[in-house]
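Hi everyone, thanks for making time for this.

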Amino acid sequence: MKINSYYSPNFDQNKRTANSIKIIVIHYTGMQSERESLLRLSNPQSKVSSHYLINQSGKIYRMVPDHMTAWHAGKSCWGGYKNINKNSIGIELVNKGHKFGYTSFKKRQLLSLINICKKLIKKYKIKSKNVVGHSDVAPQRKIDPGEKFPWSKLAKKNIGIWHCQKLNSLKRLRKVKIDKTKDKKKFVKYLKKIGYCFSPTNKTFYVKTLKAFQRHYRKGLINGVLDKECLVIAQNLQKSINNP
Ligand SMILES: [Zn+2]
């Protein structure tokens, strides 16, 4: 796998240990062009970066070395980790995003992503459930890589997790009402086990986290309303996770 260098100065000065790397965060660049993205992610004034950027033809750039903390996730939380830049590797995929014309991710781009993820997962022993999207770790602010990102395909390669329910039978549960107290409690418990973070008092926080879950696992309807389909998916996902 060929990796090209494109230096970004936007990282913490202190080196981190390989052991501190636990999470892979996938992003889209959300900008008009590849060039614009590379410039922004390497501009000292922007104060943002990522470890890798993959263009639409599958070319991979390394912008920050793995052992340095790149500034890609911002205020974020996943599993037991808060402000996860120091515990994660950030990978940007060139895509105009929702603002400038969101398109499907390209085949060669995804192939490169799969290759690099496999390498990183092996090297740092990253758990499947810890390969996530920016929207999963920062649901209040972010929606990337978005609903066009093929999580189920990646899960087949053991990158990230997916449920084992059939889409047709799930669809019958869409918009089916659930018990607002009991089932909601269960749902939050499942999501916490998957890794999502919750604020117990903030209702907007809950709705946005639910939307992030839907964007990842139930792309057909992202409405921020809990229904039976979401509940069944979450239950199935948490079962597949072996927590210590
Ligand atoms: Zn992002």
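Let's begin at N158, which sits in the loop between α5 and α6 (167-171). Those helix names come from DSSP runs: helices are H or I runs of at least four residues, strands are E runs of at least two, and both are numbered from the N terminus. Before I go on, two bits of housekeeping. Residues are numbered from 1 along each chain as its sequence is written. And this is a predicted model, where local features need pLDDT of at least 70 and side-chain atom pairs count only at pLDDT 80 or more, while totals for chains, interfaces and linings use all residues.

Back to N158. Its phi is near 60°, which is positive, and this is a residue other than glycine. Most residues other than glycine have a negative phi, and most peptide bonds are trans. Is N158 buried or exposed? Exposed, because it has 12 other C-beta atoms within 10 Å. The cut-offs go like this: 20 or more other C-beta atoms within 10 Å of a residue's own means buried, 12 or fewer means exposed, and in between is partly exposed, with C-beta atoms placed from the backbone.

Now look at K175, in the loop between α6 and α7. K175 has a positive phi too, near 65°, and isn't a glycine. It counts as exposed, with 12 other C-beta atoms within 10 Å.

P145 is in the loop between α4 (134-137) and α5 (151-156).

Okay, two loop residues on the buried side. M63 lies in the loop between β5 (60-62) and β6 (68-70). M63 has 24 other C-beta atoms within 10 Å, so it is buried. Which residues does M63 touch, leaving out those up to four places away in sequence? Among them are Y6, Y7, L41, H51 and Y52. Touching here is contact, meaning C-beta atoms, placed from the backbone, within 7 Å. S50 is 13 residues from M63 in sequence, and their C-alphas are 6.4 Å apart.

Then there's V94, in the loop between β9 (88-93) and α2 (97-100). V94 is buried, with 25 other C-beta atoms within 10 Å. Leaving out residues up to four places away in sequence, V94 touches T29, E34, S37, L53, I54, N55 and Q56.

Next, a helix pair. Helix α7 (residues 182-194) packs on helix α9 (residues 228-239) at about 40°, with the axes 9 Å apart.

Finally, zoom out. How many helices and strands does the chain have? Nine helices and ten strands. The C-alpha trace spans about 50 × 35 × 30 Å along its principal axes. Buried residues make up 41% of the 244 residues. And of the contacts between residues at least 6 apart in sequence, 70% join residues at least 24 apart.

Technical notes:
Axes are lines fitted to C-alpha atoms, for helices over the stretch in contact, and angles run from 0 to 180 degrees between N-to-C directions.
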